[in-house]
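User: Could you walk me through how to read a few features of a structure? I'd like the general idea each time, then the case at hand.

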Amino acid sequence: MATILPPAVLGMLGGGQLGRFFVAAAHEMGYRVWVLDPDPNSPAGRLADRHLVTAYDDYAALDQIAAACAAVTTEFENVPAEALEYLAKFVPVRPSAKAVAVCQNRIAEKTFMRAHAIPHGPFAVIRADQDISAADDGLFPAVLKVARFGYDGKGQARVASREEALHAFHAFDGEPCVLEKLLALDSELSVVLARDADGRIRAFEPGENRHRGGILDVTIAPARVEPQLREQACAIAERIAQSLDYVGTLGVEFFVSGGALFANEMAPRPHNSGHHTIDACVTSQYEQQLRALTGLPLGEPRMHSRAVMVNLLGELWFDGGDHHRPQREPDWTVVHREPGARLHLYGKHHARQGRKMGHFTVIGDDADTVLEVALRARAAVGIDDGDQ
Ligand code: ADP
Ligand code: MG
């Protein structure tokens, strides 16, 4: 494929914040972007050159995208793989429908890991009650996760026993699930990388992720683990990207348990834990997505600064986190006054509990100072750990 140069139009399926940062990166480099997302106020749609407000399986809209766009990508793993497959008949689609299909279904994802000898935790596929009866005793205590459409800890239940697993499976309406052994976590890491159509890979430094209520709260980059573990995580993520013949930006989440790495899940798109690459790296994960999509050489992923990213969730928009109170804007001066702090808001009108509304990244030369400043700003803006 010839390199796609500006001012070409690129297509983006999905209009969330990940798409918004892609649109910003594309505009910066002279491209135009059409976004398809059913939400008229979608964060990326509001920046896009054109926003098609419709369903992902609206084939007339897909035809318009195929006619106008030089290439198409996605920022949302639940875009129907069929829509990507359809578009691929007319324009380059990166990542491919096949790679997205593996990442959007936990059964396909875990089966892929097993087939490619990617280290992962013990699990069983659950399609019926009998699969729970037949599950290995060693899996408990476990986490039952629906195979499709789960995110931010949704569609998951921690289960201590077979009985609890059965109960949770029925509460999920018997949807296909994976039952995973609950691992004792030393920490969680993620690797974001980009792979181009010729198979060249550039990985960012792994980040260390802390969650709160099942949602990413803080990313510390680089992760504070042995360099050897960071290298291993990158090597595993690279093997995943190769095995999927992946083209674009890929996020891979890892558990560290007993000092060893276990791949948790893959995201066929930029990753929340890679937001800091905007402010702390020579090339951001969004620009890498753009470069891989258009056939430009991948950029330098090197971190020029240490970084800590803090997610800003909807509850911050309500006094005391009480969503019965009127929505109001948090006082951002407490972030802006901190050295090295960069605030990003996604332009979402309605705050909801757990909704990702924005984030800030603190950058600097000294890891301890950066973390201290980020945690101070996090507390000052009103994120409190009391309810955890
Ligand atoms: P998602 O991010 O799509 O909601 P994950 O599978 O990444 O789903 O789970 C969310 C978080 O729940 C993980 O980052 C981790 O903190 C915790 N978790 C999930 N599965 C396990 C497991 N098998 N053992 C221990 N902790 C887990
Ligand atoms: Mg996850």
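User: Which backbone does a nitrogen atom of ligand 1 approach?

Analyst: A polar contact is a pair of N or O atoms within 3.5 Å; within protein, one must be able to donate a hydrogen and the other to accept it, and residues adjacent in sequence count only if both atoms are side-chain atoms. Here, a nitrogen atom of ligand 1 sits 2.9 Å from a polar backbone atom of Leu183. This is a predicted model, where local features need pLDDT of at least 70 and side-chain atom pairs count only at pLDDT 80 or more, while totals for chains, interfaces and linings use all residues. Side-chain values use heavy atoms, with hydrogens and water left out, residues are numbered from 1 along each chain as its sequence is written, and chains are lettered from A and ligands numbered from 1 in the order in which they are written.

User: And which side chains have an N or O atom beside an oxygen atom of ligand 1?

Analyst: For Lys145, a side-chain N or O atom is 2.6 Å from an oxygen atom of the ligand. For Glu253, the corresponding distance to a ligand oxygen atom is 3.0 Å.

User: How many residues are around ligand 1?

Analyst: A residue is near a molecule or strand if one of its heavy atoms lies within 4 Å of it. There are 20 around ligand 1, and Lys145, Gly153, Gln156, Glu188 and Asn264 come nearest.

User: Now helix packing: at what angle do α1 and α10 pack?

Analyst: Axes are lines fitted to C-alpha atoms, for helices over the stretch in contact, and angles run from 0 to 180 degrees between N-to-C directions. Helices (H or I, at least four residues) and strands (E, at least two) are DSSP runs, numbered from the N terminus. Helix α1 (residues 17-28) meets helix α10 (residues 285-294) at about 65°, their axes 8 Å apart. The pair is therefore roughly perpendicular, a label for angles of 65 to 115 degrees.

User: Which residues make that contact?

Analyst: Contact means heavy atoms within 4.5 Å. From α1 come Leu18, Phe21, Phe22, Ala25 and Ala26, and from α10 Tyr286, Glu287, Gln289, Leu290 and Leu293.

Key. Angles under 35 degrees count as roughly parallel, over 145 as roughly antiparallel, 65 to 115 as roughly perpendicular and the rest as oblique.
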